[in-house]
Amino acid sequence: MRKYLTIVTILIFCNGFVFGQENTFDKTNQIKLSPLRMIDLVNPGYEISYEKNFREKLSSQISVAYMNDPFELTQFTHYTGLRSSFEEKFFFNSESDRRDYYSTELVYLKVHYSDEGTFIKDTVLRTPEYWDTFKVAKQTFSLNLKYGIQFNMGRFIIDGSVGLGIKYKDVKRSELIDENAYQVGPRHPNAYYEASRAGNYIRLNVPINIKIGYSF
């Protein structure tokens, strides 16, 4: 199934290049896909977005994603879930082939997967370390402030953005050998360790994405 979705996504990208050059920023609708989402090293998936321009300097965008690891880039197994977001864009510095914008984005993510790690029962007594696998149920809520640029290539749109935000995480683990054991952390920063760390906490978020789409 995921190979089929990957092939369809690539074909849609390629199909966009056949459209002739024309001014499309006066079009009020955009359908976009996110190729970077498929190769995200922590939260990969298939994402599609719809953007509606209400005025010259204002638009709203809704995105939904089926979370899946199509190229098996993460260390997780049985990774699945959903992601949804709402983004309000405020445009400035509009030109015939480019529009810059600031935006505010709200994101909700819910995923389930299996992970593994090294654990120790008692850090004081230095009991032996052991390997364990466990299941993760994770929800996150994010608020991001972003800067982006939309490029016009006929009816073809390239939309790139980067931002800074905060993320609230609710992470639960299950099926551990010992629920009270301590996981042995990595010596260096590790995104997978942080992604599966149990608890409720807030973290900084740096969203980066490129969307490719069609305007009409």
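Which residues does S63 touch, not counting residues up to four places away in sequence? In this predicted model, S63 touches E47, I48, S49, R83, S84, S85 and K211, where contact means heavy atoms within 4.5 Å. The residue lies in strand β3 (residues 58–67); strands are DSSP runs of E with at least two residues, numbered from the N terminus. S63 counts as buried because its relative accessibility is 2%, the limit for buried being under 20% relative accessible area with a 1.4 Å probe and protein chains only. Its side chain is joined to that of S49 by a polar contact of 2.6 Å (a pair of N or O atoms within 3.5 Å, one able to donate a hydrogen and the other to accept it).

The largest pocket has a volume of about 780 Å³. A pocket here is an open set of points on a 1 Å grid where a 1.4 Å probe fits, with protein on both sides within 12 Å along at least five of seven lines; lining residues have an atom within 4 Å of a point. The lining comprises 33 residues, and D40, N43, K167, N205 and V206 lie nearest the centre. Strand β6 (residues 129–153) supplies the largest share, five residues. By class, the lining divides into 12 nonpolar, nine polar and 12 charged residues.

The chain averages a pLDDT of 89, and 88% of the residues score at least 70; pLDDT is the predictor's confidence in each residue, from 0 to 100. Over residues 10–21 the pLDDT is below 50, and this stretch has 14 contacts in the model beyond near neighbours in sequence. Where pLDDT is low, predicted coordinates should not be read in detail.

Residues are numbered from 1 along each chain as its sequence is written, and side-chain values use heavy atoms, without hydrogens and water. Local features of this predicted model need pLDDT of at least 70 and side-chain atom pairs count only at pLDDT 80 or more, while totals for chains, interfaces and linings use all residues.

Note on methods:
Helices (H or I, at least four residues) and strands (E, at least two) are DSSP runs, numbered from the N terminus. Buried means under 20% relative accessible area, exposed over 50%, partly exposed in between (1.4 Å probe, protein chains only). Grid points are joined across faces, edges and corners, and a volume is the space filled by probe spheres set on the points. Ala, Val, Leu, Ile, Met, Phe, Trp, Tyr, Cys and Pro count as nonpolar, Asp, Glu, Lys and Arg as charged, and the others, Gly among them, as polar.
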